[in-house]
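Welcome! Have the sequence and the 3D view open as you read, and try to find each part for yourself.

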Amino acid sequence: MRMRVSALQILVCTLVLALGVTTKAFAQEVGSKAPEFSLEVLQGENPGALANLQGKVVIIEFWATYCGWCKKTHPPLAKFAAQNAKDVVVLGITAQRKSRVLRYLRKTKTGLTIAHDPRGRVSRAYRAKVTPTLVLIDKDGVVHMWAEGGHSVKVVLRQAKALLK
C-alpha cells in the first residue's frame with residue numbers, strides 16, 4: 001500500500017509540473033518582450049530587424065502557401081496595413097521552401113511584406129505551430145496578443161486599432 005501511494009504522489013507531482021511548464025510557456029509570450037529576429041524579405045519593404053520597428057504596431061502572420069485560411073486573412077491584413085502605413089507593419093513569415101514561396105508570390109499578390117524563415121527558428125520562438133498564427137506586438141515591442149486560426153484576424157485587427165489610439 002505504501003508503495004502505491006508513493007507512486008501516485010510521484011505521478012501527481014509530475015503532472016502538476018508538466019502542466020505548470022506548459023501554462024508558463026504560453027503565458028510568457030503575452031506581456032513579454034517579443035523575441036528579436038531578422039529575416040530575408042522576399043516581398044515588400046525590408047524592415048531589417050524587429051527592433052527597427054519600435055514605435056510601430058506590428059502584426060506577424062505565420063502562414064503557408066497551402067493554407068486556405070491564410071489566403072482569406074491576407075486581404076484584411078493588407079488593407080489595414082495600407083490604411084495605417086505610418087504606424088503599422090504587417091509581416092507575413094513562412095518557413096516553406098523559398099522556391100515554392102517565390103513561385104506563389106509571382107502568381108498571388110498578398111499585399112504584405114513577406115519574410116522567409118528557412119529553418120523555422122522564428123516560428124519556433126513564437127510557438128507558431130499552425131497556420132495562420134497571428135502575433136500582435138505593441139509600439140514598445142511587447143507581445144500584446146497571440147492567436148491561432150483565420151477566424152482570429154478580426155479580433156487581432158480590433159486590438160491593433162485600439163493600440164493605435
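## Two helices side by side

Let's begin with a pair of helices. Helix H2 (residues 68–83) packs against helix H5 (residues 153–164) at an angle of about 10°, and their axes are 11 Å apart. Here an axis is a line fitted to C-alpha atoms, for helices over the stretch in contact, and angles run from 0 to 180 degrees between N-to-C directions. Because angles under 35 degrees count as roughly parallel, H2 and H5 are roughly parallel to each other. Helices (H or I, at least four residues) and strands (E, at least two) are DSSP runs, numbered from the N terminus.

Which residues of H2 and H5 meet? On the H2 side they are Thr-73, Pro-76, Leu-77 and Phe-80, and on the H5 side Val-153, Leu-157, Ala-160, Lys-161 and Leu-164; contact means heavy atoms within 4.5 Å. These residues divide into seven nonpolar, one polar and one charged. In this scheme Ala, Val, Leu, Ile, Met, Phe, Trp, Tyr, Cys and Pro are nonpolar, Asp, Glu, Lys and Arg are charged, and the others, Gly among them, are polar.

## About the model

This is a predicted model, in which local features need pLDDT of at least 70 and side-chain atom pairs count only at pLDDT 80 or more, while totals for chains, interfaces and linings use all residues. Residues are numbered from 1 along each chain as its sequence is written, and side-chain values use heavy atoms, with hydrogens and water left out.

## The sheet

Now look for the strands. Six of them form an open sheet with mixed pairing, in the order S1-S4-S3-S2-S5-S6; two strands pair if DSSP finds at least two bridges between them. Strand S1 (40–43) and strand S6 (143–148) stand at the edges with a single partner strand each, so one side of each has no neighbour in the sheet. From one strand to the next, the twist averages 25°.

Val-41 has Ala-115 in S4 as its bridge partner. Helix H3 (residues 98–107) lies across S1, S3 and S4, running at about 30° to S1.

## The hairpin and a loop

Leu-134 has Ala-147 in S6 as its bridge partner. The hairpin of S5 and S6 has five residues between the strands, and Gly-141 there takes a positive phi near 80°.

The loop between helix H4 (121–125) and strand S5 (133–137) holds Pro-132. What kind of peptide bond joins Thr-131 and Pro-132? The bond is cis, with omega about -10°. Arg-127 is also in the loop between H4 and S5; although Arg-127 is not a glycine, its phi is positive, at about 55°.

Technical notes:
Angles under 35 degrees count as roughly parallel, over 145 as roughly antiparallel, 65 to 115 as roughly perpendicular and the rest as oblique.
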